[in-house]
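Here are some notes for a reader who has not seen this structure before. Please keep the display open while going through the points.

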Amino acid sequence: MGKQEFSNQVKRIGVLTSGGDAPGMNAAVRAVVRTAFYRGIEVIGIRRGWQGLINGDMFPMTTKDVSHIINIGGTILYTARSEDFRTPEGRKKAYDKCRLFGLDGLVAIGGDGTFAGALALSTEYPISVVGIPGTIDNDIGCTDYCIGYDTAANTAIEAIDKLRDTGQSHERCSVIEVMGHRAGNLAMYVGIGTGATAVLTPEEPWDIEQDVIEKIRSARIAGRTNFMIVVAEGAHPVDDTLEEFPVFADGSGAGYQIGQLIRKHLGLVPRVTVLGHVQRGGNPTARDRVNATRMGHHAVTILAEGKTNRIVVHKQGAVSDVDMIEGLQQKNKLSENESIVVKTMTGVY
Ligand code: F6P
């Protein structure tokens, strides 16, 4: 089938990845470039996120640039978190580069910080923006799914399965800290997928006795001799003034905190594993590749139709888009059903 004729409302677009990288971002970049090519739109790749736009760190992309990247983790465009872009002066410089390169629109792949930046730019200057959610945290309220979440969850589950083998052999308690920033989506999903003894998330501040000690105790009474405690990096106690709350400057440390308290209350000597950035790497899963491709395709399609200030979302299994302001206002929430599943499945043998 030959190419169709399109009456695009944009002629040249930029694409960037910003914030923490996520497996599948490359698949989204590839889909953006290929969809644009199909429609006769030029694509300028912007390296290092918003900072790259400010610095003019940009190059014309061809379909060859995105060949054989669908399977690769990270982002070929590099990523960064830009302080400059938070300022009106920084955004002025960024828009100057949009004019210099003749960009009519931008596709920004990242998290809510990335979208807030896109919205500020399009509010101040005549440039169309579309965001694609890409973050392993899966913490963007307006979408059920963000690119990278599935791969990160599978990576964490694989690692925890391995920890279970050794924990079971030594009849130990393992505490595993997973990423997620201030959200517990990843921890809860991974906790369900690994059959954890307890799962702690930032959304439900923990009470050590009720949420950890009693769960280990009841599992032990029932006969279990190894325990897996999954802790989101942002999890914190009901009483934040607890003196045993020595989280590190980067916000991690919740796992060590829980490990110390288990030792103090139960006399067990837990092994604590912080999975850390390993969760951000690796080849994207089938789900991340396919969804990222669908979302990248959708982003260019709506930009070409003249839409702006939209976030591409994945809702109830289908790709669509929502207004960026409304989308950003929707707060991330843990699914109540999943919370109940966790409560039902934990603390037993
Ligand atoms: O947002 C993705 C994420 O991996 C969070 O889960 C984590 O808190 C943060 O990024 C870590 O950021 P950095 O790569 O700057 O250490």
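1. The model is predicted. Its protein chain is divided into two parts: domain 1 covers 12-147 + 284-329, and domain 2 covers 150-279. Taken over C-alpha atoms, the centres of domain 1 and domain 2 are 34 Å apart. Nine residues from domain 1 and twelve residues from domain 2 take part in the contact.

2. The space that the ligand takes is the largest pocket.

3. The residues surrounding the ligand are Arg 81, Thr 135, Ile 136, Asp 137, Met 179, Gly 180, His 181, Glu 233, His 277 and Arg 280. Sorted by class, this shell has four charged, four polar and two nonpolar residues.

4. For Glu 233, a polar side-chain atom is 2.5 Å from a ligand oxygen atom. Arg 81 also has a polar side-chain atom at 2.6 Å from an oxygen atom of the ligand.

5. How much of the ligand's exposed area does the protein bury? Taken alone, the ligand exposes 400 Å², and the protein buries 73% of that.

How values were computed:
Residues numbered from 1 in each chain as written. Predicted model: local features only at pLDDT ≥ 70, side-chain atom pairs only at ≥ 80, totals over all residues. Heavy atoms only, no water. Near = heavy atom within 4 Å. Polar contact = N/O pair within 3.5 Å; in protein donor to acceptor, adjacent residues only side chain to side chain. Areas by Shrake-Rupley, 256 points an atom, 1.4 Å probe, with all protein chains shown as cover. 1 Å grid on protein atoms, 1.4 Å probe; cavity = no way out; pocket = protein on both sides within 12 Å on 5 of 7 lines; lining within 4 Å. Sits in = over half its atoms within 2 Å of the grid points. Nonpolar A, V, L, I, M, F, W, Y, C, P; charged D, E, K, R; others polar. Domains from an automatic or database assignment. Contact = heavy atoms within 4.5 Å.
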